[in-house]
Amino acid sequence: MERPLADKRSINPGFFRTLGIPLFSGRVFNDSDSERDVAVISAALARRLWPGENPLGKRVVEGDGSGHHIEVVGVVGDVRGASLTKMPRPTMYQPYWQRSQSHWSLVVRPGSAPGGLAGAIRHEIRRLDPELPVPALQTLEQLVDDSVAQRRFQLDLVLLFAAAALALAA
């Protein structure tokens, strides 16, 4: 029996709203889920596991099949995580309180320009835990620009050669 692979993310219930990921059906996590194993899955994972069916209320088993059952409570839109050129991967989102994690990311949606927010975020993190290292902060626009930088360079190079060919032909 084939076991579909999916990315797993531990998230806060406000993650989808912050990143603008649409909720297609069901709901996100809430306080009443603290005693239950629940997940929100991406539309790609829903299509892979239950094509043409409603996944809400169905259960997923982690690992080799001997793990615990996780109830699907919601379906969200697909997200391109690793690259803008690759298809979105099937993803299962679980509340952060259900999974131990060694790597965390902080996502903030500012009400205005994000420039002045970096200092306030660093200050607040240091106030909570002075020993916690604070990595460089980036906007989503910077992350997207970085992910397409190589392709942009290649297109600029092609444009330069095209301009040189046009100049030689003239």
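Which residues of β3 point one way, and which the other way? V38, V40 and S42 lie on one side of the strand, A39 and I41 on the other, and all are buried. Here "buried" stands for under 20% relative accessible area, "exposed" for over 50% and "partly exposed" for what lies in between, with a 1.4 Å probe and protein chains only. In a regular strand the side chains alternate between the two faces of the sheet.

The model is a predicted one, in which local features need pLDDT of at least 70 and side-chain atom pairs count only at pLDDT 80 or more, while totals for chains, interfaces and linings use all residues. Residues are numbered from 1 along each chain as its sequence is written, and side-chain values use heavy atoms, leaving out hydrogens and water.

The chain holds four helices and six strands, and from the N terminus on its elements follow the order β-α-β-β-α-β-β-β-α-α. Helices (H or I, at least four residues) and strands (E, at least two) are DSSP runs, numbered from the N terminus. Of the 170 residues in the chain, 23% are buried. The accessible surface comes to about 12,100 Å², and carbon and sulfur atoms account for 56% of that surface; such areas come from the Shrake-Rupley method with a 1.4 Å probe, and for residues only the protein chains shown count as cover. Among the contacts in the chain with a separation of 6 or more, 67% are between residues 24 or more positions apart. A contact means heavy atoms within 4.5 Å.

The account now returns to β3. Because five of its five residues are buried, β3 is largely enclosed by the rest of the structure. β3 pairs with β5 in the parallel sense over five bridges, and it runs antiparallel to β6, to which two bridges join it. Two strands are said to pair if DSSP finds at least two bridges between them. I41 has V75 as its bridge partner in β5 and stands opposite M92 in β6. V40, in turn, stands opposite Y93 in β6.

Strand β6 (residues 91-95) is also mostly covered, with five of its five residues buried. Both of its faces are covered: T91, Y93 and P95 are buried on one side, and M92 and Q94 on the other. β6 also pairs with β1 in the parallel sense, over five bridges. D7 belongs to β1 (residues 7-11) and stands opposite T91 in β6. D7 counts as buried because its relative accessibility is 19%. Leaving out residues up to four places away in sequence, D7 touches R89, P90, T91 and M92.

Apart from neighbours within four places in sequence, P90 is in contact with L5, A6, D7, S42, A44, L45 and R48.

In soluble globular proteins, nonpolar side chains tend to be buried together. In this model, the largest nonpolar core has eleven residues: A39, I41, A43, L45, A46, W50, V60, I70, V72, V75 and M92. β3 (38-42), α2 (43-49) and β5 (69-76) each supply at least two residues of this core. Apart from it lies another core of nine residues, including F16, I21, F29 and V38. A nonpolar core is a set of buried Ala, Val, Leu, Ile, Met, Phe, Trp, Tyr and Cys residues joined through side-chain atoms within 4.5 Å.

A39 is in contact with F29, I70, E71, V72, V73, G74, M92, Y93 and Q94, leaving aside its neighbours within four places in sequence. Among these, E71 is found in strand β5. E71 counts as buried because its relative accessibility is 17%. Not counting residues up to four places away in sequence, E71 touches R36, D37, V38, A39, G57, K58 and R59.

Finally, helix α4 (residues 140-169) has 30 residues and reaches 42 Å from its first C-alpha to its last, close to the 44 Å expected at 1.5 Å a residue. The expected span is 1.5 Å times one less than the number of residues in the helix. α4 bends by about 50 degrees at A149, where the bend is the angle between axes fitted to the seven residues ending at a residue and the seven starting there.
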